Amino acid sequence: MKSLADLKKMRDASLKNIEMRFSKGTMRIQVGMGTCGIAAGARPILSQIIEDIEAHKLKDIIVTQVGCMGECAYEPIVELIDADGNHTIYCEVTVDKIKEIITSHVIDGQVIEKYVLYKTKK
Amino acid sequence: MDDLSLTLYDLCINAIDAKATHIDIELLIDDIKKIISIKIKDNGVGMSNEQIEKTYDPFYTTRTTRRVGLGIPYLKQLTEQCDGLMAITSTPGVGTTLYAELKKDHIDCPPFGDLAETLYMLIIHQNAFDFTFSLGVNQKTIHIKKSEIIEATQGLDLYRGSVKKAIQSYINDSIHQIKGDEDL
């Protein structure tokens, strides 16, 4: 990818093939990217989420970078908010854990209790 | 922080939190003077002199979620550890400029890390802001602009792994133009 022109070529080729995500998502994934989150390793987690969304052909997922959630000791923290407004906060997330969370929670709808810091139901 | 790319990201998040709509990120490497310098200039809300002094205090933050603010104190400690310096100038309503300098060969000077991933994360950040990243290595400089990448990828879902790889590849190739195979 030597230039912006190459990037535009890739865009033109990809636009023919991809189905766009809808702007209104059915699930929101929030990654804590405050100083504490960044220092604890949140960036590779966010990167892995983006890789997995494509790998699993997931649609209607909104990924958001958020600030510190106030639980610095438990970073990296990832919060999943489902279509019904239920919040699940996973703590001390690693790249391997996030892969598991995507497969189990995002795809199969099964919360992985052992990684959960807390949950709130709407 | 394991590397400078994470520190850069953290400083940019500070600028975004300060409601900046444009951030100039400058990273200069001088192999003769053996210095690495970082400059982050934003057009956010700015700070008073009193607030600037407080940012060096790890127990000061404008956030309400917690009572510590570690980003700036960490950078200050890092620059001091690496025989460097750090300065913040700011004008309320105009913006803030942060400058940091580190001795390149100092044993405590962290590696650069994945600059492409840091810039990609800033590109996909949900807040509306633009940035220009300038990398200078021994008098040669490249500029990477978020607006140009957004235009080049218009219509694509930036949250797709393949788009992420393409953007990072473009950034890495741009960086490679001036640094060659040598590690930063």
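Chain B has a radius of gyration of 16 Å, which agrees with the value near 16 Å that a compact globule of 184 residues would have; the radius is taken over C-alpha atoms, and the globule rule is 2.2 Å times the number of residues to the power 0.38. The structure is a predicted model, in which local features need a pLDDT of at least 70 and side-chain atom pairs count only at pLDDT 80 or more, whereas totals for chains, interfaces and linings use all residues. Residues are numbered from 1 along each chain as its sequence is written, chains are lettered from A and ligands numbered from 1 in the order in which they are written, and side-chain values use heavy atoms, with hydrogens and water left out.

Along the principal axes, the C-alpha atoms of chain B fill a box of roughly 45 × 40 × 25 Å. Its accessible surface comes to about 8,600 Å², with 49% belonging to carbon and sulfur atoms (Shrake-Rupley method with a 1.4 Å probe). Among contacts (heavy atoms within 4.5 Å) with a separation of 6 or more in chain B, 61% are between residues 24 or more positions apart.

Six helices and six strands are present in chain B, these being DSSP runs numbered from the N terminus (helices H or I, at least four residues; strands E, at least two), and they follow the pattern α-β-β-α-α-β-β-α-β-β-α-α along the sequence. Strand β1 of chain B, residues 22–30, joins strand β5 (residues 130–137) in parallel through eight bridges, two strands being paired if DSSP finds at least two bridges between them. Within this pairing, B:Glu26 has B:Ser134 as its bridge partner. With strand β2 (residues 35–42), β1(B) pairs in the antiparallel sense, again over eight bridges, and here B:Leu28 stands opposite B:Ser37. Four residues lie between the strands of the β1(B)–β2(B) hairpin, in which B:Lys34 takes a positive phi near 60°.

The covered face of β1(B) consists of B:Ile23, B:Ile25, B:Leu27 and B:Ile29, while B:His22, B:Asp24, B:Glu26, B:Leu28 and B:Asp30 form the uncovered one. B:Ile23 is also, with A:Ile49, B:Phe133 and B:Ile171, among the residues that touch the most other members of the largest nonpolar core, which has 86 residues; such a core is a set of buried Ala, Val, Leu, Ile, Met, Phe, Trp, Tyr and Cys residues joined through side-chain atoms within 4.5 Å. Helix α1 of chain B (residues 4–17) gives the most to this core, with nine residues. Leaving aside residues up to four places away in sequence, B:Ile23 touches residues including B:Cys12, B:Ala15, B:Ile16, B:Ile40 and B:Phe131.

Most residues other than glycine have a negative phi, and most peptide bonds are trans. B:Lys19, in the loop between α1 and β1 of chain B, has a positive phi of about 65° and counts as exposed because its relative accessibility is 63%. B:Asn138, in the loop between β5 and β6 (140–145) of chain B, has a positive phi of about 50°, and its relative accessibility of 32% makes it partly exposed. In chain A, a cis peptide bond with omega of about -5° joins A:Glu75 and A:Pro76.

Key:
Buried < 20%, exposed > 50% of the residue type's maximum accessible area, 1.4 Å probe, protein only.
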